[in-house]
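Good morning, and thank you for making the time.

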Amino acid sequence: MSLLFVDDRNEKEARFPDVACFVVLKAMIIQIMAFLFTFFLLFLLKHQFTQIFITYPIFFLPSLSALWLSIRFKLEWWWHVLNFAFPAALIFALYMDFPPLLSLGIFFALFLVFGTTLMTRVPFFPSSKFLPYEIVNIVSDERDICFLDVGSGFGGLNFQLSILREGWRFYGVEIAILPWLYSVIKSKFYLNRNFVFHFGRYENLNFEKFNVVFAYLSPIVMPQIWKKVQDEMQPGSIFMSYEFAVDGFAPDVKIKFKNDDRILHVWYL
Ligand SMILES: C[S@@+](CC[C@H](N)C(=O)[O-])C[C@H]1O[C@@H](n2cnc3c(N)ncnc32)[C@H](O)[C@@H]1O
């Protein structure tokens, strides 16, 4: 089964927003400033007092400075968390004296899963395990279903759904290499099921052939994906967004889960 790709015009529109790189740059500047400030402060203290006692709270100084700067720079709240946590994690790792190869391995694995977040601003985060049961309630099993998970991560949603609906065709598109590779390998163990996991950006994939498209991305990309849905999806098809709504376009159905604050938004196109 081959996937359809949009033309060069859409490819141009699909470029990552410059703003994403700008935020990452800000976060880097914040970290550098926080560490410089801490070193400068300790340096001053050392020269003022012949003997200073480095106590544990001082280790939080770079974190607190980074948090303060993050708030001053008016970044979004999750960047405050990251800016605070990064120096603390770094100091903890140095303190624990982890073997460099272990740190490198962990960094590399995390980078292969989350590295693309620097560009897309959409991290990997699995949806609820109860979601597939709601999806099969919404989508009638009578017609031939071609289901796309936009940003399929490790493929968990498609694999779970395939147990409930053997006859559907399941597609995923994922930009992070490790989750994508995992889903491709895992799909080989489901010999009688119909899976295609495509590596790349959903912006380059035409949604026309899918009659159900599911997305669990981020509020930042919702206007962009909504435009794609309107431009490319056929009348009679279904678009679902888990957790994130589309400003100005109320869904036809909203499903609230037990034990989960996230809502499934459904539009019948
Ligand atoms: C919140 S996770 C959702 C994972 C999965 N769909 C689920 O429901 O469990 C979002 C995924 O979208 C991927 N992603 C983000 N931007 C993307 C893009 N432009 N093209 C393809 N995948 C993207 C991320 O790498 C991440 O794995």
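How far is an oxygen atom of the ligand from an N or O atom in the side chain of Ser127? The distance is 2.7 Å, which falls under the definition of a polar contact, a pair of N or O atoms within 3.5 Å.

Before I continue, a note on provenance: this is a predicted model, in which local features need pLDDT of at least 70 and side-chain atom pairs count only at pLDDT 80 or more, while totals for chains, interfaces and linings use all residues. Residues are numbered from 1 along each chain as its sequence is written, and side-chain values use heavy atoms, with hydrogens and water left out.

A ligand nitrogen atom is 3.0 Å from an N or O atom in the side chain of Asp149, and a ligand nitrogen atom is 3.3 Å from a polar backbone atom of Ile175. Taken alone, the ligand exposes 600 Å², of which the protein buries 98%; these areas come from the Shrake-Rupley method with a 1.4 Å probe.

Let me now turn to the strands, which are DSSP runs of E with at least two residues; two of them pair if DSSP finds at least two bridges between them. Strand β6 (residues 253–257) runs antiparallel to β7 (residues 260–268), joined by 5 bridges. Within this pair, Ile255 stands opposite Leu264, and Val253 has Val266 as its bridge partner. The two strands form a hairpin with 2 residues between them, and Asn259 in the turn has a positive phi of about 55 degrees.

Strand β7 also pairs with β5 (residues 238–242), in the antiparallel sense and over 5 bridges. There, Ser241 is partnered with His265 of β7.

Key. Polar contact = N/O pair within 3.5 Å; in protein donor to acceptor, adjacent residues only side chain to side chain. Helix = DSSP H or I, 4+ residues; strand = E, 2+ residues; numbered from the N terminus.
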